[in-house]
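Work through the exercises below with the structure in view, and try each task before reading its solution.

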Amino acid sequence: MDQSQTQPRVTLVGAGPGSKDLITIRGLKALQSANVILYDALVDIDLLKEAAQGIQKIYVGKRFGKHHTSQEDINELLVTSAFAHGHVVRLKGGDPFVFGRASEEIEHLESFGIPVTVVPGVTSAIAVPESQGIPLTKRDVSSSFWVITATKKNGSFSDDLIHAAKSSATIVILMGVRKIKEISVKIKEYRGGLMPIAFIQNGTMHDETCQVATLNTIETILESVDNTKPGIIVIGNVVADHPSFFEEEVQRVLSSQL
Ligand SMILES: C[S@@+](CC[C@H](N)C(=O)[O-])C[C@H]1O[C@@H](n2cnc3c(N)ncnc32)[C@H](O)[C@@H]1O
């Protein structure tokens, strides 16, 4: 191993939204040169096959219902792994800087003098709606979008959710699976019941699911929500671009008239 491989350093790599072939070429190269990999729950396991055989690949996921590694433990593990093995790749779902707690990891590593490089990733916030044919902006329909998490640490709605609801922008909500009903009710107060909504789980993966409705007909989505899978909520008129939106709404209107 040459000396540059044993010098402690960390590369934060955005793995992309799910499907393994949505990582960037730069991210893949970093992965292939890693001596240790620390990876998230939202990373496609198949991606790890691209790394050298025999190196440590440590799961540090935090997903609901699965083993949970605290952020403090991850920070610590990054430091000890870099000093022990040289190049550590911290593989994170989507883009490291979108709700990824990357800044905390960088600050911690730099406080030990360990250099950090960041490789951007394709964020699920844009790619997951896109994989369902839902654009976040569209001429004459939506000229901006908000990417938000619905709730604060204490579970209450964030002020940003209300600000976004009051705007005319497309709203993309991450980490909202378990609150989809409450979120819809809140946003309906500002946007009205005819506003389209999409809910996509395991986006870009082989078992991706997508449901569309309006804020009035959200109940039809709720029964198939799976709390164990990552999901993205999209609210805005752009959702009407989804191929099944009008068909499903027509079916609902017809069945409500029977
Ligand atoms: C902690 S945030 C990290 C986001 C990530 N850094 C990114 O840029 O995509 C995790 C949330 O992203 C969303 N998410 C990530 N991957 C997803 C996927 N493949 N399908 C649906 N939602 C996904 C979910 O809302 C999940 O709870």
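The domain bounds used here come from an automatic or database domain assignment, and the model itself is a predicted one.

**Exercise 1.** Explain why the ligand lies between domain 1 and domain 2.

Solution. Begin with the assignment, which divides the protein chain into domain 1 (3-119) and domain 2 (124-256). Next, look at the shell around the ligand: both domains give residues to it, and therefore the ligand lies between them.

**Exercise 2.** Describe the shell around the ligand by its residues, its classes and its secondary structure elements.

Solution. First, count the residues that surround the ligand, which gives 18, with Pro17, Val98, Thr123, Ser124 and Gly231 as the closest. Then sort the shell by class, and you find ten nonpolar, seven polar and one charged residues. Finally, helix H5 (124-131) and strand E10 (231-235) each supply at least two residues of this shell.

**Exercise 3.** Which ligand atoms lie 2.9 Å or 2.6 Å from a backbone N or O atom?

Solution. Take the oxygen atoms of the ligand to begin with: a backbone N or O atom of Asp95 lies 2.9 Å from one oxygen atom, and for Met175 the distance from a backbone N or O atom to a ligand oxygen is also 2.9 Å.

Conventions
Residues numbered from 1 in each chain as written. Predicted model: local features only at pLDDT ≥ 70, side-chain atom pairs only at ≥ 80, totals over all residues. Heavy atoms only, no water. Near = heavy atom within 4 Å. Polar contact = N/O pair within 3.5 Å; in protein donor to acceptor, adjacent residues only side chain to side chain. Helix = DSSP H or I, 4+ residues; strand = E, 2+ residues; numbered from the N terminus. Nonpolar A, V, L, I, M, F, W, Y, C, P; charged D, E, K, R; others polar.
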